[in-house]
Amino acid sequence: MEFVDMQRRVLIDSDTASDDAVAIIMALRSPLIEVVAITGVAGNVGVEQGTRNALYVAELCGSDVRVYKGANRPLLRELQTADWFHGCDGLGNHGYSPVYRTAESTHAVDAIVEAALKYPGIEIVTLGPLTNIALALEREPRIVGKVHRCVVMGGAPCCAGNVTPAAEFNIWVDPEAARKVFLSGLPIEMIGWQLSRFDAVINEHEIAAIEELQNPLAEFAIRCNSAAATAYHTQTGEFGISLPDPIAMAILLDPGLSVESSMHFVDVETVSNLTRGMTVVDQLNVSGDARNHDVWREAVVRGSKIKVCWSLDIAGWKSALMKSLS
Ligand code: BDR
Ligand code: CA
């Protein structure tokens, strides 16, 4: 189905912690899209806390977007949070909490199905584990044909993971869900963790420039990432604030920021402990070869190729961030 010249409607699925929060600000402040819902999923923090964090960010932006609470654990595994990275409350432990807003009573999975059926051509951006989306696909497989783009922050296509050597957090937390989604036929754009490293990190000068904006959103964006900045330095030796979810959001808003990408079958490892959650990208398109039939059959038969982003317009990304916070 072609979805052209339509009002851009976006659903954000998020395990709202510090970088998710900045991504949500970018979306709620953008004149290009209408955010029809934010759906919460367990990941960085428990689903209650993450949903509260999303409500807080919506309040801060003066938005009345509906916020829904979803899956409280991965499909088959125990939840492993990232409080060691983002702080116990996901927002650097500064006591942020919503004052007026509460979550809708509808479950996030129902909200995703309803939104996709109501708004064909909808764009989905996922900032956390893919549990809610996998459950929505199970409940209503027709949503595959209704979604125009599904931008996924997740994966480590260059095999440098941030949780294990092989895997990125969002995919590692719920690899079974990720596999279902990657093999569903949804038009996925994979924004891997590697894109948020090195020159894409918000450095000390850029942090100072954001602080100089002297408004509550800019101040919050820096402060809520205080724990994450320290943890990122411990993890990588790099200084500054790394923002994987806002980079995915920037590409959702402006696809031109993805300067190099290619289409591949991608499968997700769910069996091995060593490589749990690894996003295996068929870079040379050899999955169709006879010797790979058995192992790659499911991805090839059931899935469609995924757009893997390899490089980012870094100046463009940083200017998009600055604009959102101004
Ligand atoms: C992803 O994991 C989380 O910690 C971040 O919010 C981001 O979605 C990066 O691996
Ligand atoms: Ca996230």
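Ala, Val, Leu, Ile, Met, Phe, Trp, Tyr, Cys and Pro count here as nonpolar, Asp, Glu, Lys and Arg as charged, and the others, Gly among them, as polar. By these classes, the shell around ligand 1 has eight nonpolar, four polar and four charged residues. This is a predicted model, in which local features need pLDDT of at least 70 and side-chain atom pairs count only at pLDDT 80 or more, while totals for chains, interfaces and linings use all residues. Residues are numbered from 1 along each chain as its sequence is written, and chains are lettered from A and ligands numbered from 1 in the order in which they are written.

Ligand 1 is surrounded by 16 residues, the closest being Asp19, Ala82, Phe169, Pro244 and Asp245, where near means that the C-beta atom, placed from the backbone, lies within 6 Å. The elements that give two or more residues to this shell are tabulated below; helices (H or I, at least four residues) and strands (E, at least two) are DSSP runs, numbered from the N terminus.

| Helix | Residues |
|---|---|
| H1 | residues 18-29 |
| H6 | residues 169-173 |
| H11 | residues 244-253 |

Of the 12 residues of H1, 11 are buried, so this helix is largely enclosed by the rest of the structure; buried means that 20 or more other C-beta atoms, placed from the backbone, lie within 10 Å of the residue's own. Asp19 is among the buried residues of H1.

Eight strands form an open sheet of mixed pairing in the order S3-S2-S1-S4-S5-S6-S10-S7, two strands being paired if DSSP finds at least two bridges between them. Strands S3 (67-69) and S7 (258-264) stand at the edges, each with a single partner strand, so one side of each is left without a neighbour in the sheet.
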